[in-house]
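Let's walk through this protein together, one piece at a time. Have the sequence and the 3D view ready.

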Amino acid sequence: MGAFEKVLGDFLGTIPRDSYLISDKFTPQCADPAVENAVTALYEKSAELLGTDYMDFYWIHNPMDAPKWVTKLIPLAKSGKIGKIGLSNHSLAEIKEAEEILAKEGLKISAIQNHYSLLNRSSETSGILDYCRENDILFFSYMVLEQGALTGKYDTDHPFPEDSDRGRTYNPMLPQLEKLNARLEEIADHHNAAAAQIPTAWAIAKGALPIIGVTKVYQAEDAAKAAEIKLTEEEIVSLEQLADQTQLNVIRYWEKEMR
């Protein structure tokens, strides 16, 4: 209810503005039907809590009622209050539709954010990655580590807590993940790295910018070090083949497979 943005905004006020980027989003399900432009209204509310008048990235969180919200974003984009326009969880057809609308106003999509991991490469097979590459669009990948299932920390002997959402989702998959996680460990040893760094390095090698959730200092440090790992083509192919062999569906209830 805004508490997180307020706490973060108080902290950001203590450090130079050029030392960080702000990435925020408009979620269609949070749209206020009582206001003239729900996109602008939610932006202004977040900006006030964060103590800023400019956001480096601003996203349409999901394609509900697309392309309505892209149209509503245009006045905000033209105001100079945001740097890059982003879409999250949009299909290739929805991305192209948004691009056509924005192009008429001299604007463009600058970033895409989708679930992309060794276990979910639908943004690749659907052509989204290629489209981003060809049109100078940044591609951000979230859930690269599948919420910890691809870190080597969890296996059938060491499952997720049973009463957690991650446990209910990934514990049944752990037997199928044994070979893939073993290969992650093997490649990590070769690169003198942690297993959790390898899926991140894989995503970078594929042209993605991974979004890594961190709660501890070492996790942030590991994520940064992953950018220095250069996987070989053989390592990439072997990981993808083992991932395909699991035949797992990790697309979550709020997502869709990109086609």
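Tyr-116 and Phe-139 are both buried, where buried means under 20% relative accessible area, exposed means over 50% and partly exposed is in between (1.4 Å probe, protein chains only). Keep in mind that you're looking at a predicted model, where local features need pLDDT of at least 70, side-chain atom pairs count only at pLDDT 80 or more, and totals for chains, interfaces and linings use all residues. Residues are numbered from 1 along each chain as its sequence is written, and side-chain values use heavy atoms, with hydrogens and water left out.

How many aromatic pairs does the structure hold? There are 10. Rings of Phe, Tyr and Trp (its six-membered ring) pair if their centres lie within 6.5 Å; planes under 30 degrees apart count as stacked, over 60 as edge-to-face and the rest as tilted. Tyr-116 and Phe-139 make an edge-to-face pair, 5.6 Å centre to centre with 90° between the planes. Tyr-116 sits in the loop between β4 and α5 (122–125) and Phe-139 in strand β5 (residues 138–142), so this pair ties together parts that are 23 residues apart in sequence. Tyr-154 and Phe-160 are a stacked pair, at 3.8 Å centre to centre and 20° between the planes, and both are buried. Phe-57, Trp-59 and Phe-140 form one aromatic cluster.

Now find helix α4 (residues 92–103). Helices (H or I, at least four residues) and strands (E, at least two) are DSSP runs, numbered from the N terminus. Its buried residues include Leu-92, Ile-95 and Leu-102. Among the elements covering the buried residues of α4 are α3 (68–78) and β3 (82–88).

Conventions
Expected span 1.5 Å × (residues − 1). Contact = heavy atoms within 4.5 Å.
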